[in-house]
Amino acid sequence: MTTLHEPAAPATAELSVWPASATEPRPGGLAVGGVPLAEIADRFGTPVYVLDEAEVRDRCRTYRQAFPDAEVVYAGKAFLCRAMAHWMDEEGLGLDVCSAGELELAVTSGFPPERIVLHGNAKSPRDLATALRLGVGRVVIDSPSKIARLAAAVGPDGHQRVMVRVVPGISAGGHEKVRTGTDDQKFGLSIADGHAQHAVARILDQPQLELTGLHCHLGSQITDVRPYLVAVRRMVGLMARVHEQYGLVLPELDLGGGHGIAYRPGERALDLTTLARRVRSELAGACAAAGLPVPRLIIEPGRAIAGPAGIAVYRVLAVKRTGDEVFVAVDGGMSDNPRPALYGVRYAPRLIGRHSTADPARVSVVGRHCEAGDILAADAELPADVRPGDLLAVPVAGAYHLSMASGYNLVGRPPVTAVRDGLARLLVRRESLEDIRSRDVGL
Ligand SMILES: Cc1ncc(COP(=O)(O)O)c(C=O)c1O
């Protein structure tokens, strides 16, 4: 095992990327929301996901305080379950969904449909029918063909508020696969080639569709405010053209989400206070220059609300030394967290449940799946005596893990638990072999 030339881990570990409630009640122990993570592993089995309810709620409140005049819409694609929908409702946020499934789950959990925004580059007939049946607040148009289809589905006496998803021609985001502000990807309608303007014209031809504003989402894991400021200028520029051409003042501007968070200690996160202040002043300046009233701002954070509130807990199944490499294999992997394989994301897992005085070592924490790329944390630092039976906890696991989970190798998706005030409860149960078997109806 390659040991590092560094002193043994300090007694109080670095907890900067853990929920604010994280404590180390005894050396090697880690509690979140007042509940030791090892206790959760014992009670619910592993792998298990833990959501700190207070952290989720605090993050919602931080957004609402930073953007008091804006509508904060949680992007449910980051992670959605009934409890999450309920917390978003109680915290006064809206909800961004992109399928009939997300929509039904939210509305049947009591989330007010008028505070829901439906996204999607390819909305199916079922998505649109469900949206109209349940009465979603806004449908975001992402393709010209959907305009006439939506208008027809709404019917001559109906009414639906819509926005247009615009591509402002800005490259931003933590990985090429999550950059959505440029013309060379599938989302939105371009300003540069005139498709966005054309979509506006076509919507205005449909009396049952009310165009409330423009939307853009630049990408994900953006840690710099500048792309948002450029987006404000370009979007206001387009709003000014709509005003000149049709005399229409669009009352809303949705700048999407994408606010970057730190996955490992020392990584940079987007500063929300700075973002709020600079966007507000850029918007005021751009609107004044264009002679437009300031539209109501909408923002759609997903990762920055759910990500840091979640923890994945795994049990080590095997430790293998191959040449200079040490592979620590756990009982989950790319089926519950595909992000490292998709985007090369790096995490900082921690040994929990026992205190080790061994030197730290560089290891690769790998999953149990039949893919060499099933690596949960490359180049991670763990005590050199890590061994089968140990528990590892991965922080910042609340967003785009389980929502992107797959059925690979039929291992079953892990449960989701919530912790609060010293109590843990089950939110989503583990997918059982019986669940898997019961879907398989042929022979
Ligand atoms: C339209 C839209 N809004 C918001 C988000 C949320 O992004 P993030 O979770 O990075 O904040 C996404 C993510 O894909 C999105 O597509």
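## Burial and the model

A residue is called buried here when its relative accessible area is under 20%, and exposed when that area is over 50%. The structure is a predicted model, and in it both Tyr 263 and Tyr 347 are buried.

## Two aromatic pairs

Aromatic pairs number two in this structure. One of them joins Tyr 63 and Phe 67, whose rings are stacked, with 6.3 Å from centre to centre and 20° between the planes. Tyr 63 and Phe 67 are both buried.

The rings of Tyr 263 and Tyr 347 have centres 5.5 Å apart and planes at 80°, so this pair is edge-to-face; the cut-off for that class is an angle over 60 degrees. Tyr 263 belongs to the loop between strand S11 (252–254) and helix H9 (272–290), while Tyr 347 belongs to the loop between helix H11 (339–343) and strand S15 (350–352), and the pair therefore ties together parts that are 84 residues apart in sequence.

## The two sides of helix H1

Helix H1 spans residues 37–44, and its buried residues are Leu 37, Ala 38, Ile 40, Ala 41 and Phe 44. Because these residues cover an arc of only 160° around the axis, they lie on the same side of H1. Asp 42 and Arg 43, by contrast, are exposed on the other side of the helix.

After H1 comes Gly 45, a residue whose phi is positive, near 80°.

Key: Residues numbered from 1 in each chain as written. Predicted model: local features only at pLDDT ≥ 70, side-chain atom pairs only at ≥ 80, totals over all residues. Heavy atoms only, no water. Buried < 20%, exposed > 50% of the residue type's maximum accessible area, 1.4 Å probe, protein only. Helix = DSSP H or I, 4+ residues; strand = E, 2+ residues; numbered from the N terminus. Arc of directions from axis to C-beta. Phe/Tyr/Trp six-rings, centres within 6.5 Å; stacked < 30°, edge-to-face > 60°.
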